[in-house]
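Dear colleague,

I am passing on the structure below, together with some notes on what I found when I went through it. Please read them alongside the coordinates and let me know what you think.

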Amino acid sequence: MTQTDFRAAFLEELTRVAPDIDPATVGDDDHIQDDLGLDSMDVLNLVVALHDRLGIDIPEAQYVEIATPRLASAYLASKVAAGA
Amino acid sequence: MPSLGADMETGTLVEWLIAPGSRVHRGDTVAVIETQKGAIEIEIFEEGIVHRLEAALGDDLPVGAPMAIILAEGEAAPSDDAARTHEPQAASGPAPLAAAPPVASPRPSVPPATTVPPSQGGAAASPAARLRARELGVDLASIEGSGPNGVIVLSDIERTGPGGRREPQPSPAGSPMTEMRKAIAAAMTRSKETIPHVYLSHTIDLQRAIDWLAAHNREKPPQERILLGALFVRATALAARDSKDLNGHYLADGFHASDMVNPGVAVALRGGGLVAPALMDAPAMTLTETMAGIRDLVTRARAGRLKGSEMTGGTITVSALGESGCDMMTGIIFPPQVALVGLGAPQTRPWVVDGTVVPRSVVTVCVSADHRVADGRQISRFITEFETLLQRPEAL
C-alpha cells in the first residue's frame, strides 16, 4: 500500500464513522476534531475501525498522530511497515 | 401513537415491523416513526397477536391515535371489524399500542453489554436518509446501507436515487435539522418557563481518574477502551441512586421519585442537534457495560434508531462538553426530569495537594436542579458523592 492508499483507507473509515462528511471536501490538514467535529466517541470508533481493517493498534497516547489525513497516512504507513 | 416527550404532538409512521397475525411480546419493536427528533423505534407494552394495522405508512398521526389493534390470547376480534371504525379505544377493549409506562415501573431492559444489536427487521437509516428517500420516492428496502452496521446513510440515497447525485440544496423549512431545533426550542423554553432552576457547581480533582483510565486503556485493544464520559455517567448513576430528590419526573401532580436510575446521556448529533437517550437501569451495570451502553446509544442516536422508551425513560441527564473546550456549563433541565449534571471539559490547573501547589487535571461539575423538589443541601450532597466516586475510579 502506498501513502495514497492509506489516505484513502483512512478517509473511508472516517466517513463511515461520520457519514455526513463528504470525503471530497476533506483537506489534508483538516483536524478530525477541531475541523471535522469528531468527538471522543467518534475518534475511538475510528481507531477501532483502523485496528480491524489494518491490524494496527493505535495507543491512546498516539491518537494525535492521526489528527489529520496527512499525519494519519504517514503514521499508518510507518506502523504497517514496522509490522505492528 | 405514543408520546415520546411532552412537546410531541404528532408522529409519522415510516415503517411497520409487524403484520396482521404477528405475535408480539412486551418490549418488541413494532414500528418506526419519524418525529422532530428523528426516527424512533416504537416498542409495545402488551402481549398478543396483531389483529389489524390501523395506520398506513406515511400517516401523520396525533399522539393517542390508534395505530394497530392487538388482541390478547383468546380475545375475540372486535365486532366493528367491517366498519373499520377509527375511534380510539373501541369498547370491546382491544389494546391500542401503549405509551411508555411510568418510569417507576420495573423494567428489565438493560442494554446488551458488549455489542450493538442489529436492528430488528426493516431498513435502518439515518433521519436525513429517510427524508431524502421520501423526497426522491426511493424505497429504503431496496438499498444496501454503507453506514455502521449496514445503516443507510444520505450518500446511499443520493447514489441510488432517481437522477443520481444532486447538488446540495438549501435546507427547506421542515428539514430534519429545522425540526430538531424546533423540538429543542420547545423543550428548553418550557423548562425555563416552568422549572425554577437552582445551580450548584464544584471543581473536582480528576487526576486519579485520568491516570487510572490511561493505565487501563494502555492494556486494552481499542474495542475495550473506556472514555472519561463513561466514568461520569457511572458516577452520576451511583450518586443518583442515593439522591431521590434529583432522580425522577415532575408531573402535573408533583414530583415522582424513580426507583430506577436511567441517566439520559446527552449526545450531540453531527451537523447540530441534540438528543439525550436513557441508559436504562445504569447502576446495575459494570463500568465496561456502561461504556458499551453509551457507545450503543451514540451509534443508534446518529443512525436514527433510538427506542421510544429510551426517549422518555430518562430520570436525570448527564451532559459533558468533551475533552477540550470550556470549563463549565450550567445546563437546562430536560423536562419532566428534575436535574441535569453538566460537566465542563477537564483542564490542567494549579491545585493544592497535601499543602503543595501542583498541576492537576480538574473538572467543574454544575448540577442544575428543580428547586420545587431539591434544595442546595441535597444537591451539594449529590456532588460530594459524585466527587468521592471519581476519587476511586477502580471501584466504579
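**Helix packing, a sheet and the chain contact**

Helix 5 of chain B and helix 6 of chain B are roughly perpendicular to each other, because the angle between them, about 110 degrees, falls in the range of 65 to 115 that counts as such. Please bear in mind throughout that this is a predicted model. The two helices, which span residues 228-241 and residues 287-303 of chain B, have their axes 9 Å apart, and the crossing of helix 5 of chain B and helix 6 of chain B is right-handed. From helix 5 of chain B, Gly229(B), Ala230(B), Val233(B) and Arg234(B) meet Leu287(B), Thr290(B), Met291(B) and Ile294(B) of helix 6 of chain B; by class, this contact has five nonpolar, two polar and one charged residues.

Chain B also holds an open sheet of three strands in the order 2-5-7, with antiparallel pairing. Strand 2 (23-24) and strand 7 (68-71) of chain B are at the edges with a single partner strand each, so one side of each has no neighbour in the sheet. Strand 5 (residues 48-53) of chain B is joined to strand 7 of chain B by four bridges, and Val50(B) has Ile70(B) in strand 7 of chain B as its bridge partner.

Between the chains, 15 residues of chain A are in contact with 22 residues of chain B. On the side of chain A that touches chain B, helix 2 (residues 40-54) of chain A gives the most, with six residues, and the residues of that side divide into seven nonpolar, three polar and five charged.

With best wishes

Conventions. Residues numbered from 1 in each chain as written. Chains lettered and ligands numbered in written order. Predicted model: local features only at pLDDT ≥ 70, side-chain atom pairs only at ≥ 80, totals over all residues. Pairing = 2+ DSSP bridges. Axes fitted to C-alpha atoms, helices over the stretch in contact; angles between N-to-C directions. Parallel < 35°, antiparallel > 145°, perpendicular 65-115°, else oblique. Left-handed = near helix turned anticlockwise from the far one by under 90°. Contact = placed C-beta atoms within 7 Å. Nonpolar A, V, L, I, M, F, W, Y, C, P; charged D, E, K, R; others polar.
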